[in-house]
Amino acid sequence: MSIASELREKHCASCEGDIAPLSPEQVRDMLKSVPDWSLTADGKRLRREWTVKDFAEAIEFFEDIAEIAQEEDHHPDLHLANYRNVTIEIWTHKVGGLTENDFILAAKIDAVPVELKK
């Protein structure tokens, strides 16, 4: 089983801000499990971009992600520009950085089917 598959089997842990963010070394190691994601310039968020087929596909993709986010009680920032350019950023707001929850959510988002621009 791949690390990404293992992450998809987990659930986000409740966070009240009482844990420390992952160290830069831990983040680099965890990033290998979600290779389509990158770090933002400040190193505190995961970011991924897609160009989807059309506006309706983008909205459907957001709806699928919203369902996962609600189930996990961990909510990403969703951005839509030029009707089909999707960007998602994930971080644990209460700790001001990245935790395992962010990588769990990224792995689950990676498994959501989406039709890309041809």
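A residue is taken as buried when its relative accessible area is under 20%. By this criterion, 39% of the 118 residues of the protein chain are buried in the predicted model. The accessible surface of the protein chain amounts to about 6800 Å², and carbon and sulfur atoms contribute 49% of it. The C-alpha trace spans about 40 × 30 × 30 Å along its principal axes.

The protein chain contains four helices and four strands, arranged from the N terminus in the order α-α-β-β-α-β-β-α. Strands of a sheet pair through backbone hydrogen bonds, in either a parallel or an antiparallel manner. Here, the four strands make up an open sheet with the order 1-2-4-3 and antiparallel pairing. Strand 1 (38-39) and strand 3 are the edge strands, each of them pairing on one side only.

Strand 3 (residues 77-81) and strand 4 (residues 85-90) are joined by five bridges in the antiparallel sense. Within this pair, His79 stands opposite Thr87 of strand 4, and Leu80 has Val86 of strand 4 as its bridge partner. The two strands form a hairpin with three residues between them. In its turn, Asn82 has a positive phi of about 50 degrees. Tyr83, in the loop between strand 3 and strand 4, likewise has a positive phi, of about 60 degrees, although it is not a glycine. With a relative accessibility of 46%, Tyr83 counts as partly exposed.

A further positive phi occurs at Asp73, where the value is near 55 degrees in a residue other than glycine. Most residues other than glycine have a negative phi. Asp73 is located in the loop between helix 3 and strand 3. Because its relative accessibility is 63%, above the 50% limit, Asp73 counts as exposed.

Strand 2 (residues 46-51) includes Thr51, which is partly exposed at a relative accessible area of 35%. Leaving aside residues up to four places away in sequence, Thr51 touches Arg84, Asn85, Leu116 and Lys117. The C-alpha atoms of Thr51 and Ala81 are separated by 9.8 Å, although these residues are 30 residues apart along the chain.

Helix 4 (residues 100-110) is mostly covered, with nine of its eleven residues buried. The buried residues of helix 4 are Asn101, Asp102, Phe103, Ile104, Leu105, Ala106, Ala107, Lys108 and Ile109. Residues three or four places apart in an α-helix point the same way, because there are 3.6 residues a turn. The cover over the buried residues of helix 4 includes helical elements, namely helix 1 (3-9), helix 2 (24-31) and helix 3 (55-72). Strand 2 and strand 4 also contribute to this cover.

Key: Residues are numbered from 1 along each chain as its sequence is written. This is a predicted model: local features need pLDDT of at least 70, side-chain atom pairs count only at pLDDT 80 or more; totals for chains, interfaces and linings use all residues. Side-chain values use heavy atoms; hydrogens and water are left out. Buried means under 20% relative accessible area, exposed over 50%, partly exposed in between (1.4 Å probe, protein chains only). Accessible areas come from the Shrake-Rupley method with a 1.4 Å probe; for residues, only the protein chains shown count as cover. Two strands pair if DSSP finds at least two bridges between them. Contact means heavy atoms within 4.5 Å.
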